[in-house]
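Here is a short tour for anyone who has just opened this structure and wonders where to look. We'll take the nonpolar parts, then a sheet, then the charged pairs.

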Amino acid sequence: MASEAGEGSTAGMDDYETLISTTDVELLKKAWRNEKAAPEILRFETSLIQRIRGQIQLMEENIEEFAGSGIDPLTVSLYQMDLDRTQYLFRSYLRIRLQKIEKYMFHISKNPEVQSRLSEQEKGFARRCADDMERHLEESVLSKLPDNYQDTVKQSIISEESDMRFSWF
Amino acid sequence: MAGQSDPQLSLFSAEEVEFIAEDEMVEIVPNLRMDALNFVCGDFGPFFPQLATQVPLWLAVALKKRGKCTIRPPQWMTVEKLTQVLEAERDSQRVFEQLPFHYVEISRLLFDHARDDIPDVYMVRSLIEDIRDVRFHKVETNLESLNERAFALKINNLSAMEVNIVRPFVGRALQAFYKHDSPDLIPDQDRVSDRRPQVANNATRRHLRR
């Protein structure tokens, strides 16, 4: 059931053998490691995530069938372990990205290049985050300040310049 | 929750490093007959009694726990090999010996779950602990030689656990060197408070010129 990687999705792999034999799970693991290590949000792996999602769904259905059809419980539990591991990577990848979006929500809303790295759902999430935060700040604090002091961005402790440089390591 | 480890401590939690290590291949000898397993992460089997086969470490441990196989310790996990490595580590101040990237995690998992499959297990365990100590001490000593000209750090043959522990420190250290070395590059917010109001400055200057 190990699906092979699509040709376009593994940039930098010159070895043809490596290219055709890398499983999606290994690609997901690589994307997960990169996302964990990078201080800024990286490009969303749309096709990889779509494939993995499909495989996870397929596997979940299979396990249900197995459990019903009397295949021995050892095999079922091993398949379940493999599924759990894959799901962990998948969820962790998405959660790390969401954490970064929450952290940099204002930067993202001002920066179309960064926005282009998000998936459609993530873009929606980022927009809702920023809107909610703005409304919250408005209602609880800013509306009570004098007129010139009501701008969210100006009051924000998020610096206008990108301070990404110094978290490079 | 998946993937919520604290980035201040280290990039990957110890459990996450172990998770990555569990995909390493290891040899087992099953004692049962089982059809091929078509996992999302790969295809393994079919399994025949007494016929050795390669599987990922997590699968090997799962089967071992249920008494369905024995695990063959990897080539490097023998008293002879490890004694060689330990002596070589002790002999050199700066060079690290070639060890599998995940040697700490692999040996830990095997000690915990497959102790009876390892010959001279106590000796092996004590050798690996000594190797870990010597290597880590070497890392610490070498890090002391970091000076302001360092932009990046390259250490050969470091293992996964060692890298994971050292990484946050090295990152912050290099950052601190960078920052203290080139103060003009950073619009230092503290500087603003140093500036006195213009009027007072002019007044002072005029006074001194008399």
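In this predicted model, the largest nonpolar core has 70 residues, and the members that touch the most others are L78(A), I28(B), F39(B) and L59(B). The biggest contribution to this core comes from helix α4 of chain A (residues 73–103), which supplies nine residues.

Now turn to chain B and look for a sheet. Which order do its strands take? They run β4-β1-β5 in an open sheet of three strands, with antiparallel pairing. The edges are β4 and β5 of chain B, each pairing on one side only. From one strand to the next, the twist averages 45°.

You can follow the pairing strand by strand. Strand β1 of chain B (residues 25–30) is joined to strand β4 (residues 53–56) of chain B by four bridges. If you'd like a spot to check there, find E27(B), which stands opposite Q54(B) in β4(B). Towards β5(B) (residues 69–72), β1(B) again has four bridges, and these two strands run antiparallel. Here V29(B) has T70(B) as its bridge partner.

Next come the charges. Side chains of opposite charge can pair when their charged atoms come close. Over all chains, the count comes to 21 salt bridges. Three of these pairs are worth a look:

| Salt bridge | N to O distance |
|---|---|
| E113(A) and R117(A) | 2.8 Å |
| E27(B) and R72(B) | 2.7 Å |
| E162(B) and R135(B) | 3.0 Å |

E27(B) and R72(B) meet in a salt bridge, and E27(B) lies in strand β1 of chain B while R72(B) lies in strand β5 of chain B, so the pair ties together parts that are 45 residues apart in sequence. E27(B) counts as partly exposed, at 26% relative accessibility. R72(B) is partly exposed too, at 42%.

The last pair in the table links two helices. E162(B) sits in helix α6 (residues 160–181) of chain B and R135(B) in helix α5 (residues 121–143) of chain B, so this pair ties together parts that are 27 residues apart in sequence. Are these two residues buried or exposed? Both E162(B) and R135(B) are buried.

Finally, some salt bridges share partners. Which residues do they join? K29(A), R85(A), E22(B) and D23(B) end up in one network.

Terms used
Residues are numbered from 1 along each chain as its sequence is written. Chains are lettered from A and ligands numbered from 1 in the order in which they are written. This is a predicted model: local features need pLDDT of at least 70, side-chain atom pairs count only at pLDDT 80 or more; totals for chains, interfaces and linings use all residues. Side-chain values use heavy atoms; hydrogens and water are left out. A nonpolar core is a set of buried Ala, Val, Leu, Ile, Met, Phe, Trp, Tyr and Cys residues joined through side-chain atoms within 4.5 Å. Buried means under 20% relative accessible area, exposed over 50%, partly exposed in between (1.4 Å probe, protein chains only). Two strands pair if DSSP finds at least two bridges between them. Axes are lines fitted to C-alpha atoms, for helices over the stretch in contact, and angles run from 0 to 180 degrees between N-to-C directions. A salt bridge is a side-chain nitrogen of Lys or Arg within 4 Å of a carboxyl oxygen of Asp or Glu.
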